[in-house]
2 protein chains.
Amino acid sequence: MSIEALRERMAELSDLTALGRLAAWDQRTMMPPAGGPGRGEQMATLERLAHERATADEVGEWLDGLEAARLEGLDGEIVRIARRDFDRARRVPAELAAEIERAASEGQHVWQAARAAEDFAAFAPALRRNVELAREYAACFEDAARPYDALLADYDFGLTAERLQGVFGELAEELAPLVAGAPEAPPPIGAPVAAQRAAVPAVLARIGAAEDGWRIDDSAHPFSVGIGRSDSRVTTRYVEGDLLSVIAAMHEFGHALYERQIAPELSRTNLGGGTSMSVHESQSKLWENHVGRHPALAPVLAEAFAEGGFAVEPSELHASLVAVRPSLIRVSADPVSYPLHIVLRFELELALIEGGLEVADLPAAWNDGTRRLLGIDVPDDASGVLQDTHWAAAAFGYFPSYALGCLIGAQLWEALERDLGPQDEALGRADVAGIRDWLAEHVHAHGRRLDTEPLVERATGRGMEAAPFLRHARSLVGAP
Amino acid sequence: MSIEALRERMAELSDLTALGRLAAWDQRTMMPPAGGPGRGEQMATLERLAHERATADEVGEWLDGLEAARLEGLDGEIVRIARRDFDRARRVPAELAAEIERAASEGQHVWQAARAAEDFAAFAPALRRNVELAREYAACFEDAARPYDALLADYDFGLTAERLQGVFGELAEELAPLVAGAPEAPPPIGAPVAAQRAAVPAVLARIGAAEDGWRIDDSAHPFSVGIGRSDSRVTTRYVEGDLLSVIAAMHEFGHALYERQIAPELSRTNLGGGTSMSVHESQSKLWENHVGRHPALAPVLAEAFAEGGFAVEPSELHASLVAVRPSLIRVSADPVSYPLHIVLRFELELALIEGGLEVADLPAAWNDGTRRLLGIDVPDDASGVLQDTHWAAAAFGYFPSYALGCLIGAQLWEALERDLGPQDEALGRADVAGIRDWLAEHVHAHGRRLDTEPLVERATGRGMEAAPFLRHARSLVGAP
């Protein structure tokens, strides 16, 4: 049995994924609006074809033969991960997968209207249907200890609800009082859009996004794609009188750098992507929180704004970027209180899926949790339980990665500074070569060879934990 | 036997084609340069997969069953064209197709170096190989009366070398003396790039390229793609002190409009594209020559330039756009002498393929033909036989469409003005709704239902002929 057929199929799937990313990037940045329906069909065709090719009978036959051959090294890893992906994909009946997709698409339509009308009751039936289908989906994976674990595995293979309850429990217990006791935030600083438009490419160029292999565009929500390892595209969003376009661009830079620095020999194999949503998010959060919001980088950012015609004191800029301002909306939360938004969502979706919470009781539970964790009252469901699209899109198990990204990012940053020493002086010169190289070696190069926990352990010497993020948060709020 | 399976496969192939066009558009307009090698792999994968799906055994089985069922109407047409495409694709052995692709790719590399070095001898072996392989390819189609006909059929199904010899013979006989006797051209007029950048979108907006469904971008060579029928993208090229960016954009608009106005029920079927290269080129040439260079449109163009800060008299603008300036290089030829460049290439490639001309004798034949047809001496091979990439890329049979586009464009324009009356007054208001609708009804709506000659006959009441273009050319040079 030769590995070649499997490798060719994996290369094909990798190319189809790249084309799908291109189609999605184009849709969100370049496509004339009237192209929407056609693009939907093109992307559905691509996805269907990729799924067919990934789950075809011959792939199962190749895997049987290759497992018997007990390959070592990279080929062995390719077979191991291919088997995992193949089995997971085949375990879900096609009709159920299609029904989930239909309900999720319908759910998003209904949710948009319900959010606009501030009417949770209008959304409840669609959400109930998504929850039911998610349970059916979870039931396809008999080896999962709990239903939620089966959902989580699509985003973060190997993590469990129990593990998250432990880590998030520790996090919430310390973080909620920290947020409540944070000093009052200074008034926000805002730059004109023109200055932000000058600053974003200037800052990204200084940290390594050379024109030869990168693009920076606008989109309604910032995102990043790697279309092959040498074609990285980030977007950001410019709001008048804001600063966050630069921070959002650095966040997306972190995602893109991960995909670029995966070991070249993993290119066009099934190992050539980020290993999990949480590790991916740890890379964006590291560049956002630990580099972008580092006090030593503030003069570099201020200089970039100044070249765009906006003068700001580095110390004021930094104070504005790290100020704690507990608020209702997750996507605009400050870097300290942000994970509490996720803890709330995790608790609620776990209870929805595993049966402890009825959909009808969700708004009340949301509002209680917001008061408990963030200390604020929710005035209406639009700025409460209806604010995010994830449940409407049936993406249960996705939210945790946002908080895990904060935790793992902080844990990696501590390990990096332990290995390399404090980065203050280098960051003052916008010299991030050491950071990039450390991340390449300890995180990026592995691709999908290591799952989240083994990767964190190998990179930091410890299991995933909340303590490093909490130390970082305490330093930001000036707590002991 | 149900048509559904065939229709689904055709829809899939149409979606894959759209994705391939997106990938090519992106490569030429947006992609960071370092993305090149990855993009090459992605596009090769897409093409291989599309070919596999188009020529799979089950398609042949479906066609056998459906032909026996003798479907009528649109379904019958879908089966007829699917059979033609399937048989043509299956008649070429995979090894030969791969070898042609390899040799063509190699040919383009060798050609680039040979052109830079002005050294035809360095290119000759690669060209000889391409000619040999083209003959082998032609031999796969036993039903073609002549080898050249088999090559032509890939671009213009149903046309023959004999037919082209007749039409091009008539064209050359009258056009060469017309060009030789044309009045001296006025000095060229050139606008600054900034004025051209303002004029291009302004003019396209006035003739119907609304932002909702169109994009206009820059590229090294102007081109157009339709990524689905509601997403049209044209590019143009801005040269300081030139005017042609606007004319090139109108040319590409003509191509794009064709794809947009195909009957909606042909969308995502195998009939939902332009029927041939020559009819496609007739649409670009009609918008370029008969609309863009129309004297009545000159004030509209002058106004668009004026808004961009460049003042020009409409009469001078028009005189510059239609001046005859016989020259060595095809891509910058004036609209009257242009087809003579193609007649030369057609004569030579026909002789190469069918054995009347040795590759070694090609430069001398080129230079003789340039003197005979255009009245000018070729100083070196770089501005002579080495100027185009087509033979290096093994695209034998492609050149004729450029001249046929001029002829068919002129023939359609005469028929259009016969049906609608002279367009001078409407063009003075940039009102092209009548032109767009006439083209939709007589040309575009049919998609691939009619091949080139039947389409021309139905639209104009006559077979394809040189006379309308010659009348147009005579009017431009002021000949009787």
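Predicted model: local features only at pLDDT ≥ 70, side-chain atom pairs only at ≥ 80, totals over all residues.
Visitor: Which elements of chain B supply the side that touches chain A?
Guide: Helix H1 (4-29), helix H2 (36-54) and strand S1 (214-218) of chain B each supply at least two residues.

Visitor: And by class, what does that side have?
Guide: On chain B, the side touching chain A has 15 nonpolar, six polar and 14 charged residues.

Visitor: How many salt bridges across the interface of chain B and chain A?
Guide: The rule finds 10 there. Over all chains, a search of the whole structure finds 84.

Visitor: Which residue forms a salt bridge with Asp231(B)?
Guide: Arg39(A) does. Their closest N and O atoms are 3.6 Å apart.

Visitor: What about Arg53(B), what does its side chain meet?
Guide: Glu52(A), in a salt bridge at 3.5 Å, N to O. This pair crosses between chains: Arg53(B) sits in helix H2 of chain B, and Glu52(A) in helix H2 (residues 36-54) of chain A.

Visitor: Why can side chains pair like that?
Guide: Opposite charges can pair when the charged atoms come close.

Visitor: OK, area. How much do chain B and chain A bury between them?
Guide: About 2,900 Å², with 60% of it on carbon and sulfur atoms. Leu19(B), Pro32(B) and Gln42(B) supply 19% of the area that chain B buries against chain A, more than any other three residues.

Visitor: How many residues does the contact take from each chain?
Guide: It takes 35 residues from chain B and 35 residues from chain A.

Visitor: New topic. At what angle do helix H9 and helix H10 of chain A pack?
Guide: About 30 degrees, with their axes 9 Å apart. H9(A) covers residues 193-207 and H10(A) residues 244-260.

Visitor: Is the crossing of H9(A) and H10(A) left-handed or right-handed?
Guide: Right-handed.

Visitor: Which residues make the contact?
Guide: Among them are Val200(A), Val203(A) and Leu204(A) of H9(A), and Val246(A), Met250(A) and Phe253(A) of H10(A). By class, the contact of H9(A) with H10(A) has nine nonpolar, two polar and no charged residues.

Methods:
Residues numbered from 1 in each chain as written. Chains lettered and ligands numbered in written order. Heavy atoms only, no water. Contact = heavy atoms within 4.5 Å. Buried area = accessible area lost by both parts, 1.4 Å probe. Salt bridge = Lys/Arg side-chain N within 4 Å of Asp/Glu carboxyl O. Helix = DSSP H or I, 4+ residues; strand = E, 2+ residues; numbered from the N terminus. Nonpolar A, V, L, I, M, F, W, Y, C, P; charged D, E, K, R; others polar. Axes fitted to C-alpha atoms, helices over the stretch in contact; angles between N-to-C directions. Left-handed = near helix turned anticlockwise from the far one by under 90°.
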